[in-house]
Amino acid sequence: MNSISVSIDEFPNDGAPWRIDGLGRLHSTGSTRTEPLIDVHISELMPYYEDPLKNASLGTRTKRVPVKVGFMALLKPGSVWKNKERCLPKLSPKTMSVRVVPEQVELRTWGSTVEFEGRTIPLIAKSQFYVPTDNWRDLAESWVVFIRRPLADVPYLIIPSSVIFQKCLAVSPEGVRRLLRGELHRIIDNPHPVDTGDGVESYFVELAKEIPSAHAYTYANLAADSSGRREYERMRRTLVAASINEDRGRNRGSQSFLNLGLPFSNPVSMHLHGKLMPYRRDRLDNKVEFAFLATEIISLDVQLVFDRLIVHRKNSGDKGENAGDPDLKEGWALPGAKPLDLNDDAVVPATSDSDPLSELEKLLAEETGGFNALNLEVVKDPKLTQKYRSSPTSGRGSVEFDGTTTTGDSKSGDQGPAKLDVETHEAPRIPVTLDSFIETLQILRGAGHRFETRVVTAIHRYDQRGDVVNFFPRQIKGSRSWHLVSDAPSAPPRGYIVATLLFGGTWHYLIELERKEEKGRSLAYIRTNDGSQIEPRQVRLFMLDVAHERGWNARLLRPRWALTTINHSPKRGLDHFARAIAKAVGVSI
């Protein structure tokens, strides 16, 4: 990467070094003509700091600086700025390389607590990473990805949603603007899988003329991959809701923060920069176990759900009356493939009073680098792409844009986004009927048994304690309404809790299902024949079998699992329920 000095006019010009603590609220302007802003929370550092992430490096002053979202690739947490310019690091950053599978990812807020290995701990304690109170108050509502035991010697990994956005989506200032207005349809159009006749998984998109072709796979992934669609839609809904509430004068709350997990269904390999956070000390050998807070994703490798991407540009600028028009020029190449035409000591005016697209497009693309799509073939030749524009397989797995919303101006007519027509597919509210099981877990935890609740589905919610409730999909092939809270077609799906305990060298699983009728309930107690751990995906598939079989008799499909039921009734009370669980598992309370 070129050693370029970047200047942002909104940052202080007082001779003091300032650290970016994190990225906070997004502010929609309500118009496509003006750019959304994001709050950058910065803290003053001591004049002679060495490591900006050390608690002892902090000074006394803090600031909240709104900056245009087109600059997000530059606004890395932990980076240091002085007199509006970014400083080179004084020390080599702490690093971590990890491979993450989708089932490991949990989305939480920075200031929440989590049940981890039998303890309730703050997600990020001030003793681990100190952020002054003014900045902490806002950042506590921002979203992070929480990953348990990414490595055997690392208890947990935390990656802020903004850091994921910077690596996976912030490859183009214009692309960032449109994504954060909920306008993916203004980046790619007509996304659909195609049959190219050679057995290669292929996908087609039409790309807006303002977006470089080199970035097409970034946006195509949001349409083709089910996880990409889910993450984009959740992020879009929260931003749209924030825009609506702001227009109505309501408190925006946490909905105005980036709410994004990893947008991939396949495992990802990442190399990270960040901070080691002390978790606990082993008193016997006096060793400290460290968690990891990622401040930057240096590289991310992933196999996409398609192996060939066919990119048809709506106007490439190569032909017709507009040929040669600079406003229609093609993308300049893959990120990092072409050196910047700038001197190493040049100061690039990155003030967000001007349009960064014109002067910083290349710099920002190189800054983020994007993610690496393994073994991907990209086809851009217009002679080859034209024939796939109207594929007979069009629409399968694509993003539905009609009837959705935008945080910018509404469009008239039958096509495009419309104001306030929000179609939501978020997780239902936590069922009241599951509260008694959560309280029973608290009784068992109070007796010293470290039960943890686990995420096994994409649709889930956390309660105030950090316990998680999973939900069935809204539609299950072969199940009409058993998996819904009632027989009405519009009824929400039933929730269920998966609690785990490692005891006596055996993994024990409890699954409590939201009841559909006012009858006694039965809890499923499961363990494998060899006491091994069950992967979240296997639990999720088992619960789909439960829906198909309309009950716990689905255990017959898992001969290597031992499943018994624990009957319980609210009339007998929680203590009776807790004792029944303890007896089945073989623990005492």
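Student: Say buried means under 20% relative accessible area, exposed over 50% and partly exposed in between (1.4 Å probe, protein chains only). Which is Thr 295, then, buried or exposed?

Tutor: Thr 295 counts as buried, at 9% relative accessibility. Keep in mind that this is a predicted model, in which local features need pLDDT of at least 70 and side-chain atom pairs count only at pLDDT 80 or more, while totals for chains, interfaces and linings use all residues. Residues are numbered from 1 along each chain as its sequence is written, and side-chain values use heavy atoms, with hydrogens and water left out.

Student: Ok. Where is Thr 295 placed?

Tutor: In strand E16, residues 287–302. Strands (E, at least two residues) and helices (H or I, at least four) are DSSP runs, numbered from the N terminus.

Student: And what is Thr 295 in contact with?

Tutor: Contact means heavy atoms within 4.5 Å. Setting aside neighbours within four places in sequence, Thr 295 is in contact with Leu 53, Lys 76, Pro 77, Val 163, His 273 and Gly 274.

Student: Val 163 is in helix H2, I think. How many residues of H2 are buried?

Tutor: 8 of the 8, so helix H2 (residues 161–168) is largely enclosed by the rest of the structure. Val 163 is among those buried residues, as are Lys 167 and Cys 168. For Cys 168 the relative accessibility is 1%.

Student: How many salt bridges, then?

Tutor: There are 28. A salt bridge needs a side-chain nitrogen of Lys or Arg within 4 Å of a carboxyl oxygen of Asp or Glu. One of them is between Lys 84 and Asp 9, whose closest N and O atoms are 3.9 Å apart.

Student: What does that pair tie together?

Tutor: Lys 84 is in the loop between strands E5 (80–82) and E6 (85–86) and Asp 9 in the loop between E1 (5–7) and E2 (17–27), so parts that are 75 residues apart in sequence are tied together. Asp 9 is partly exposed, at 36% relative accessibility.

Student: Which residue forms a salt bridge with Asp 467?

Tutor: Arg 445, with the closest N and O atoms 2.7 Å apart. This pair links distant parts of the chain, 22 residues apart: Asp 467 is in the loop between strands E22 (460–462) and E23 (468–471), and Arg 445 is in helix H8 (residues 435–446). Both Asp 467 and Arg 445 are buried. Elsewhere, salt bridges with shared partners join Glu 106, Arg 108, Arg 148, Glu 452 and Arg 454 into one network.

Student: Back to E23. Which way do its residues point?

Tutor: Val 468 and Asn 470 point one way, Val 469 and Phe 471 the other, and all are buried. In a regular strand, side chains alternate between the two faces of the sheet.

Student: What does E22 do with E23?

Tutor: E22 and E23 pair in the antiparallel sense over 3 bridges; two strands pair if DSSP finds at least two bridges between them. Asn 470 in E23 stands opposite His 460. E23 is also joined to strand E24 (residues 495–503) by 2 bridges, again antiparallel, and there the partner of Asn 470 is Tyr 496.

Student: Last one: what is the order of the open sheet of 4 strands?

Tutor: The order is E13-E14-E17-E20, with mixed pairing. E13 (188–194) and E20 (377–379) stand at the edges with a single partner strand each, so one side of each has no neighbour in the sheet. Inside the sheet, E14 (residues 202–207) and E17 (residues 308–313) run parallel, joined by 6 bridges. Val 205 stands opposite Val 311 in E17. Helix H4 (residues 216–224) packs on this sheet, touching E13, E14 and E17, and its direction makes about 115° with that of E14. For such angles, axes are lines fitted to C-alpha atoms, for helices over the stretch in contact, and the values run from 0 to 180 degrees between N-to-C directions.

Student: And how much of the whole chain is buried?

Tutor: 52% of the 589 residues. The chain has 10 helices and 27 strands.
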